[in-house]
Amino acid sequence: MSLRVRDLSLGFSAPDGLWRRRETWLVQGLNLDVAAGRITALIGASGAGKSLLAHAILGALPGNALQTGRIAVQGRTVFLPQQGGWLDPTARIGDQIAWAARRKACPAQVADRLALLDLGSAVAALYPHQLSGGMARRVLMVMALIGPPALLVADEPTAGLDPASSALLLATLRAYAAEGGAVLLITHDLIAALPIADEVAMLADGRLHPACPAQAFAGDGAVLPAAARRQWQALPQNGFTDA
Ligand SMILES: Nc1ncnc2c1ncn2[C@@H]1O[C@H](COP(=O)(O)OP(=O)(O)OP(=O)(O)O)[C@@H](O)[C@H]1O
Ligand code: NI
């Protein structure tokens, strides 16, 4: 499985006066590839359009959205949304994981699945309302990872997690890619994504800078293209240099 995005522009149309509608394009001319076995990190500030791109890939844009360009996905896609999730409020977590495994014809020990993201086996007996926000997100990720390798679009999967849980979740994504999954990791946290990402693509000012190898984000970023280097050097860790 893999993802190919070509010359994609996304925006919205909104009422403008009584009869007219106004078009606003938020991102333009996006090109992006995610291959099987690879993790591409999509980095951008809040409001840059990351979730918008995720929804476009999933074919789940709202009705007033505008889209031109091409998106091709080969194989199955699994989405971990930034907002909300789809845990069944009426069923215990263990049953929900077991159902997910059965649907994928993938026999799974619930306790082992939970342990993947450091959730104790006692979690299996709980209902969704008995979980913390971070626990619920980890349960959703556990379920997303069940089944044969797919294109996994994870929108801010580490939001609300403590540093140890966040590192474990990212390591789990790395293992998923090693088994043949293709991962689009959407996050505003470049530093956290770097250790596990193969490529980094930065979304800023409505444009997606061409993806760079993750290793290029080191030292003063001398080997990075100018736009990515500016973003890299502007990080607190790198001295807020406004190059
Ligand atoms: N239904 C909508 N109608 C009009 N504008 C929208 C709609 N949904 C999102 N937007 C706008 O699209 C822009 C991009 O939003 P998006 O959710 O993709 O940002 P993001 O990069 O994911 O940010 P964050 O890091 O905060 O999640 C924002 O300016 C937002 O206001
Ligand atoms: Ni978002």
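The model is predicted: local features require pLDDT of at least 70, side-chain atom pairs count only at pLDDT 80 or more, and totals for chains, interfaces and linings use all residues. Residues are numbered from 1 along each chain as its sequence is written, while chains are lettered from A and ligands numbered from 1 in the order in which they are written.

**The whole chain**

Begin with the C-alpha trace, which spans about 55 × 50 × 30 Å along its principal axes. Of the 243 residues, 35% count as buried; a residue is buried if 20 or more other C-beta atoms, placed from the backbone, lie within 10 Å of its own, exposed if 12 or fewer, and partly exposed in between.

**The two domains**

Next, select residues 1-76 and 150-243 as domain 1, and residues 83-147 as domain 2. These bounds come from an automatic or database domain assignment. The centres of the two domains, taken over C-alpha atoms, are separated by 26 Å. Their contact takes 10 residues from domain 1 and 11 residues from domain 2, where two residues are in contact if their C-beta atoms, placed from the backbone, lie within 7 Å. On the domain 1 side, helix 5 (residues 163-178) gives the most, with five residues. That side has seven nonpolar, three polar and no charged residues; Ala, Val, Leu, Ile, Met, Phe, Trp, Tyr, Cys and Pro count as nonpolar, Asp, Glu, Lys and Arg as charged, and the others, Gly among them, as polar.

Now centre on ligand 1. It is surrounded by 14 residues, the closest being Phe12, Ser46, Lys50, Ser51 and Leu52; a residue counts as near if its C-beta atom, placed from the backbone, lies within 6 Å. By class, the shell has five nonpolar, eight polar and one charged residues. Helix 1 (residues 50-58) gives the most to this shell, with three residues. Seven of the nine residues of helix 1 are buried, among them Lys50 and Leu52. Serine 46 lies in the loop between strand 3 (39-44) and helix 1 and is exposed, with 7 other C-beta atoms within 10 Å. Glycine 59, which follows helix 1, has a positive phi near 70°.

**Helix 2**

Move to helix 2 (residues 93-103) and select its buried residues, Ile93, Gln96 and Ile97. Seen down the helix axis, they fall within an arc of 100°, so they line one face of helix 2; the arc is that of the directions from the helix axis to the C-beta atoms. These residues pack against helix 3 (110-116) and helix 4 (133-144).

**Positive phi values**

Finally, inspect aspartate 7, in strand 1 (residues 2-16), and glutamate 156, in the loop between strand 6 (151-155) and helix 5. Phi of aspartate 7 is positive, near 50°, and phi of glutamate 156 is also near 50°. Aspartate 7 is exposed, with 11 other C-beta atoms within 10 Å, whereas glutamate 156, with 19 C-beta neighbours inside 10 Å, counts as partly exposed.

Conventions. Helices (H or I, at least four residues) and strands (E, at least two) are DSSP runs, numbered from the N terminus.
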